[in-house]
Every structure is written in structure tokens, then in C-alpha cells.
Amino acid sequence: MPIRNIDGRRDGAKLALPNMDHRVLTQEARIGALSNTRLGIEGHNWLRQLLFNSRDGDSVASGGVPLALEAEIVKEVRFFQAHGITPVFVFSGLPVARKEHRAFAKDDHRVAYRHSAWEQYWQGHVEQAQRGWGASPSQAVADLIPFAMQVLQANGAEFMRAPYSAWAQLAYLYRHESQPIHAVYSSLDILMFDVDRVITSISHTRSTFGWVLREHLLSKCGIAPEQVLDMCILAGFDWCPTFPALLTDIGFSFKSAVDVTRQYGSGFNAVQMMGDHASVRASNYSDSFLRAYCAVRYHIVLHVDGSVGPLNADSAPNDLHDIIGYRLPATAYHLLARGIVHPPVLSMLASGSWLEFPPPDNGESNEYRRLITQWQVGVFRQQCRVLCGRLGSFFAQRKITLQTWFDPQAEVVLHDSKTTSAASSVVLLEIHDKATQRTQPADTASVESVLERSTAIMEASSEGGEQPATVLMLWLLQSLGFVTREGQHTCLGAALQAGLRALPRDSSSRALQWAVVAGAVLLDQELLTDQPWSVAYEDKRFPAGDAEQQRFVRVVSRIATLVPSPARRGQWALAYNRDLLAFCSAVKLVHRTTSACVDVACLAAPVASTPESMRQLLALRQTMPLECTASAATGLLTHGLLRDYVLKGSGSWARTQAACDSIADAHQALHDVWCVAGAVREIAGTLEGTHGGVVAQALDWASAPFGEVLAAKDSDAS
């Protein structure tokens with residue numbers, strides 16, 4: 001949440017207060033004035049604006065990234081480059097610690113909005129459903145930052161993650177004598193960090209930008225420079241609630257925070273003098289105020305020399321760990337800054353909790369919840385055991401729990417002082433300095449190649465002969481239960497190897513390997529079946545054949561949901577399906593857990609900080625599946641194809657493609673589905689159980705409509 005009502009609006013009102021309307025303070029200039037400058041961009045605010053321009057209900061109903069987001073990011077980068085501006089995107093890292101903050105203390109209203117939207121959809125009110133989904137995004141802005149970073153990397157743009165707040169990091173870079181950046185594009189919140197001017201808007205159509213001078217804000221408010229921070233804290237923002245004495249029956253206006261600051265000279269004086277106010281007494285607001293003050297003034301940043309420390313270090317208190325969060329090893333912040341490690345695992349270490357929030361479908365089924373409480377918990381316990389044992393005595397004794405939205409009072413212990421010495425079923429191999437100096441061939445760290453050489457990698461690594469990415473991939477396969485401590489394949493690992501060998505030998509197969517990995521996990525966990533889950537949402541408007549045909553449609557559509565949706569150039573006007581969205585949530589959970597295992601390996605392994613080792617780790621990270629990009633879109637496309645085949649027989653592809661703006665994208669997606677389906681058939685046939693026969697029967701049945709698609713694709717290619 002930004003500084004409350006700093007734009008001059010009163011809660012619930014549209015009338016801006018003339019003294020505080022930031023539009024009055026804004027000056028405008030031509031974009032050419034920024035030519036040949038390095039522009040620091042606060043990533044969260046920038047990405048939120050892009051999401052507002054590209055948001056759609058489709059991404060909530062299918063669980064993926066908004067269709068237009070990638071194009072919007074590329075458009076932004078090219079706009080800056082065309083005007084001679086070097087953008088430097090700075091994203092926030094770990095959240096600032098909040099004293100006595102309880103997870104899931106407030107109801108997540110998105111759950112009710114989504115449920116209502118689905119009810120509207122099933123009643124045929126598509127537009128109302130789209131509005132409901134659009135108002136209840138399934139992914140926060142922070143969840144999409146890894147995707148944005150990948151797009152920026154692919155387009156040659158500079159970016160970094162701050163240790164904590166991007167506001168503080170940008171302020172440090174802007175004020176540093178070496179001038180890593182020359183100007184700042186952010187919200188007005190950054191004025192708390194003594195930035196003298198801030199760009200608040202950029203217009204592509206007019207080629208102009210708006211900026212606010214801090215001195216003008218001071219003049220309008222009639223306050224001194226040292227009072228700005230106090231005024232903003234009293235108004236309330238992410239790290240501190242609004243001063244209770246300023247809240248009235250008709251809402252809150254920023255002008256009241258200005259008046260109180262001017263009247264009492266400082267925010268702390270105002271809090272002390274108004275301490276008899278009932279709501280102030282009840283809230284212990286003075287502690288919140290002082291914590292927020294220190295969190296801003298002494299915020300932790302990454303310095304240009306690579307060190308990590310507070311702003312205004314000479315006067316910083318010695319208990320910053322209690323205000324901002326427990327200090328992590330310097331390597332953790334460096335890996336975070338480069339995008340090699342993402343915040344969730346680091347936040348787990350700092351806060352002592354891993355939190356699972358409701359997924360896009362709301363996570364009502366027993367199957368999804370069991371995937372968390374049994375499979376994910378088992379994986380995380382192994383990860384915490386190794387990681388905490390590597391990070392020193394404090395973290396070796398650290399209690400870490402997992403909490404879920406569906407049972408917030410229950411804390412599942414992942415690690416405490418009793419678990420550190422217990423034997424682990426995984427072993428993190430040493431990465432020797434001499435191995436990091438050699439350039440690694442492109443395919444040596446793929447899932448299939450590491451599985452093929454797992455025993456040899458164990459032996460070679462002990463002698464310093466393996467590269468970081470290869471060792472970390474082996475760790476990941478051990479963590480997910482495919483390889484033993486000794487490098488031998490488990491039954492699941494042997495099945496995965498058979499499935500990967502069934503993939504075609506072309507350049508696209510590596511991208512599909514993670515779909516096959518997720519399929520192996522979900523087959524093993526009895527989720528990739530032909531049976532409905534405990535909570536099913538079958539849409540009665542679209543019957544799809546007899547019981548056997550329904551089972552076949554269900555299992556093939558679930559297999560298709562494993563496959564990431566291509567970067568589509570147009571809409572797919574397909575019927576939504578909440579059951580497939582529920583299965584997509586399980587795929588997202590597997591990807592999220594996989595990503596966490598890679599983070600743990602990067603943090604726990606003694607990786608040398610050489611350019612080549614960092615290049616390898618970043619390259620490995622960019623091949624990993626992103627939770628936010630997992631989508632039910634390809635499953636919906638397949639479901640539409642199969643349903644049409646059941647209802648009308650041959651010629652189903654000719655009818656299905658009419659719903660796709662980009663037929664080439666749909667061709668490619670269904671081609672990928674059939675490749676992954678062949679791999680899943682091999683895995684299911686290798687594993688013990690009855691699913692092998694069901695999957696084989698379903699794919700034999702689906703071969704006719706898919707044959708039409710593949711024939712049409714080959715015809716178009718020729």
C-alpha cells in the first residue's frame with residue numbers, strides 16, 4: 001500500500017484537496033530531456049501500472065499471466081531505448097518484518113469474488129463473470145516479478161532486486177557519488193527517502209514525463225525537510241498503519257497528517273501528545289511509529305562495492321534485525337539481486353514461516369490440500385534440514401513452520417532444533433572453484449542428461465569435475481524423489497527417464513521436460529487420474545459423451561494442462577473449466593516447490609562467485625518453470641477439441657480452430673500436448689498401478705482428433 005491519500009483524495013471521495021493534489025505539484029517536460037541518462041525505475045509500481053493496462057478476467061479463469069503483459073513490457077523497453085534512455089529496473093526483495101503480524105488474520109475476499117464469478121459464468125453471464133475475475137486477481141504483482149525479469153533479460157534491459165525495499169535502493173543509487181542512476185521513476189512514496197525529485201508518470205503518446213520536486217511539496221505543505229518522513233508515517237503506508245487519531249467517520253485525508261505534523265513539530269511529538277486518544281492507547285502506536293521511522297531511515301541496501309548494510313550507518317541502531325528482519329548471509333542478497341534466487345525461501349528463513357495462500361480455483365479439494373500437507377511438507381523438511389544446517393548456529397536452531405489458508409491455526413513444523421542432526425535423504429555435493437572456471441555446454445544440465453549421468457555426476461563431483469548447474473540439477477532430482485543419495489534412480493526416477501526418452505529429439509523438447517516432471521509427480525501422488533476430485537465443478541451446460549468418454553476427456557485434458565501455454569498472439573475463445581483450473585493449481589504448486597528447491601541449493605552450496613558460475617546459475621534459473629506462467633489455457637484448448645469430437649465426430653479441429661485468433665499458436669500447443677502425452681504414457685506404464693492402462697486407453701481414443709491437428713500442422717508447414 002502506498003502512502004495513504006498522498007494524492008490528496010479523501011477515503012471514498014472523488015474530490016481532491018487543492019493544497020495536496022499532486023497534479024498541482026507535477027511539472028511536465030519532453031521525454032528528450034532524459035536522453036543519455038540512466039533512469040532508475042521502481043519495478044513494483046511500474047509493473048502494477050502495466051498490469052492495470054493489460055489485466056483481463058481470462059488470466060484469472062485460466063490461472064496464467066495476462067495475455068498482453070509480455071508485449072507491454074517489451075513495448076516499454078523499446079520506448080526507453082528509442083529515446084536514448086537506459087532503464088534500470090529495481091524490484092523489491094524481502095518484506096520488512098512487521099511486529100505481531102499474524103498470517104491470515106484477515107479474510108481473503110478474493111475467494112468469495114472468484115466463487116461468485118464462477119456462479120455467474122455457469123449461469124451464462126460471461127461479462128459479469130469476467131468483471132468478477134478481473135476484480136480478484138489470482139496472482140499478486142510480486143508473483144509476476146520473476147516473469148517480468150525474464151522478459152527484461154531477453155530484451156537486454158538492466159534489472160536487480162533490492163535486499164528489501166526498492167524505494168531505499170533507488171534512493172541510495174540516485175544519491176551515490178558515482179551516479180549509477182541519474183533520475184528516479186517511482187511513486188511519491190520515495191520522497192520519504194530524501195530524494196529531491198521523482199518522475200511520477202511517462203506518456204508514450206505525448207512523449208512527455210511528469211515529475212515532482214520535493215521542495216515544492218514542502219512549500220505546499222508548509223513543513224521542513226526533516227518532517228516529511230513523520231508526515232508520511234502518520235498518514236500510513238505498508239510498514240505502519242494510519243495514526244488512529246486522524247481517522248474520522250467520513251474517512252481520512254492526507255491534509256490531516258500535514259496539519260498534525262505542523263502543529264506538534266514532529267510525528268513522535270504528535271503521537272505522545274495525543275496518546276490519551278482511546279484508539280491510540282489501544283494500538284500501541286508509538287512503537288509502530290518508531291519502527292517505521294527506523295525502517296526508512298536505516299533501511300538495508302546493496303552498496304556499489306557489493307556490501308550489504310543500512311543507510312545512515314553511522315547512527316543506525318544495533319537492533320535492526322528486530323525492525324527490518326534477521327540478517328542473512330551476504331551471498332543470499334547477491335543471488336537475490338541477480339534474480340538467481342527468489343524471495344519466498346529467504347522470507348521463510350527470516351520470518352520462520354512458509355505460507356500457502358488460496359490458489360486460483362480457491363483450493364477447495366482434498367487432493368490439492370493433501371498435496372501440500374503430505375508431498376510439499378515432505379520435500380520442504382528435507383530442504384530446511386540441509387539449508388539451516390549450512391547457515392550457522394542461529395538458523396540451525398531456527399523453528400520454521402508451514403501455515404495454510406484452510407487451517408491457519410495449525411503450524412506444521414518443517415524444522416527446529418531437534419531436526420538438524422537427523423539424517424537427510426538428499427546430499428548437496430560440493431562445487432569446486434576449478435569447476436566454475438570452465439564454460440558449460442548448453443545441454444549438460446538438462447533434466448534428461450543429469451538423469452542419464454546421475455551416478456557418474458556423484459563420482460565426478462567429489463573430484464571437482466562437475467559444473468554448478470549440473471550439480472544443482474542433481475540436487476533437485478534428489479529433492480523431488482527421482483534420485484537417491486547414491487545417485488541411483490528410484491522407481492519414480494526410472495519412470496521419468498522412460499518418459500523423457502519418449503520426447504522428440506528437437507530444440508523444443510527441453511522446454512517440455514518440466515511438464516513431464518510435473519506429470520510424473522502428479523501421477524505418483526494420484527492426482528493425474530481419470531476420476532473427478534473430491535470437489536468437482538462439472539459444467540452441466542456442456543455434456544461430453546458417456547461415462548467412459550468423460551473419463552478420457554478428463555485425463556487427456558489434465559495432461560494438456562501440464563503443458564505451458566505458448567506466447568499467444570491472439571485470444572482463444574474457449575469455454576472455461578474450473579476443474580482444469582483446479583488441476584492447474586496443483587501444477588503451480590509443483591512448480592513453486594521445484595523453484596524453492598533450486599533456491600535452497602543455490603543458498604546452501606558453496607558456489608564460487610565467479611562470472612561463469614553466476615552465468616550458469618542464471619541460465620539454469622531461466623530454464624526453470626515459473627509458477628505464474630502455468631496456465632489451464634492449453635488444457636482448455638484440448639478440452640474443447642475433445643468435447644467437439646465427442647459431440648460431432650470427425651472434423652473437430654476445423655471447428656475448434658475457429659475459436660482461435662492465432663491458429664499457428666494453437667497448432668503448436670496441441671503438438672506439444674501430444675509430445676508430453678506420449679511421455680506421460682511411458683511414465684504411467686512404468687509405474688506400478690492401474691493408471692498406465694487408463695492413460696493408454698484415453699490416448700488411443702484421442703489419437704483421432706489429435707491426428708487431424710497434427711496433419712493440419714504438417715500441411716501448413718509444407
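A cavity is a set of points, on a 1 Å grid over the protein atoms alone, where a 1.4 Å probe fits but cannot get out, and its lining residues have an atom within 4 Å of a point. The model is predicted, with local features needing pLDDT of at least 70 and side-chain atom pairs counted only at pLDDT 80 or more, whereas totals for chains, interfaces and linings use all residues. Residues are numbered from 1 along each chain as its sequence is written, and side-chain values use heavy atoms, with hydrogens and water left out.

Three cavities of 30 Å³ or more are present in the structure. The largest cavity holds about 80 Å³ of space, a volume being the space filled by probe spheres set on the grid points, which are joined across faces, edges and corners. Its lining consists of Pro146, Met149, Gln150, Phe159, Arg338, Gly339, His342, Leu618, Arg621, Gln622 and Leu626. At least two lining residues each come from helix H7 (145-154) and helix H28 (611-623); helices (H or I, at least four residues) and strands (E, at least two) are DSSP runs numbered from the N terminus. By class, the lining of the largest cavity comprises five nonpolar, four polar and two charged residues. In this scheme Ala, Val, Leu, Ile, Met, Phe, Trp, Tyr, Cys and Pro count as nonpolar, Asp, Glu, Lys and Arg as charged, and the others, Gly among them, as polar.

Two packed helices are described by the angle between their axes and the distance between the axes. Axes are lines fitted to C-alpha atoms, for helices over the stretch in contact, and angles run from 0 to 180 degrees between N-to-C directions. Helix H24 (residues 491-501) packs on helix H31 (residues 663-686) at about 150°, the axes being 7 Å apart. H24 and H31 are therefore roughly antiparallel, a label for angles over 145 degrees, with under 35 roughly parallel, 65 to 115 roughly perpendicular and the rest oblique. The crossing of H24 and H31 is right-handed, that is, the near helix is turned clockwise from the far one by less than a right angle, anticlockwise being left-handed. Ala495, Leu496, Ala498 and Gly499 of H24 meet Ala679, Glu682, Ile683 and Thr686 of H31, contact meaning heavy atoms within 4.5 Å. This contact of H24 with H31 has five nonpolar, two polar and one charged residues.

For helix H23 (residues 468-479) and helix H27 (residues 578-604), the packing angle is about 130° and the axes are 9 Å apart. H23 is therefore oblique to H27, and the two cross in a right-handed manner. On the H23 side Leu472, Trp475, Leu476 and Ser479 take part, meeting Thr594, Cys597, Val598, Val600, Ala601 and Cys602 in H27. The contact of H23 with H27 includes eight nonpolar and two polar residues but no charged ones.

A further helix pair is formed by H10 (residues 228-235) and H11 (residues 254-264), whose axes come within 9 Å and cross at roughly 135°. H10 is thus oblique to H11.

Strand S9 (residues 308-310) contains Pro310. Pro310 and Tyr298 are 12 residues apart in sequence, with a C-alpha to C-alpha distance of 5.0 Å.

Definitions and conventions: On a 1 Å grid over the protein atoms alone, a cavity is a set of points where a 1.4 Å probe fits but cannot get out, and a pocket is an open set with protein on both sides within 12 Å along at least five of seven lines; lining residues have an atom within 4 Å of a point.
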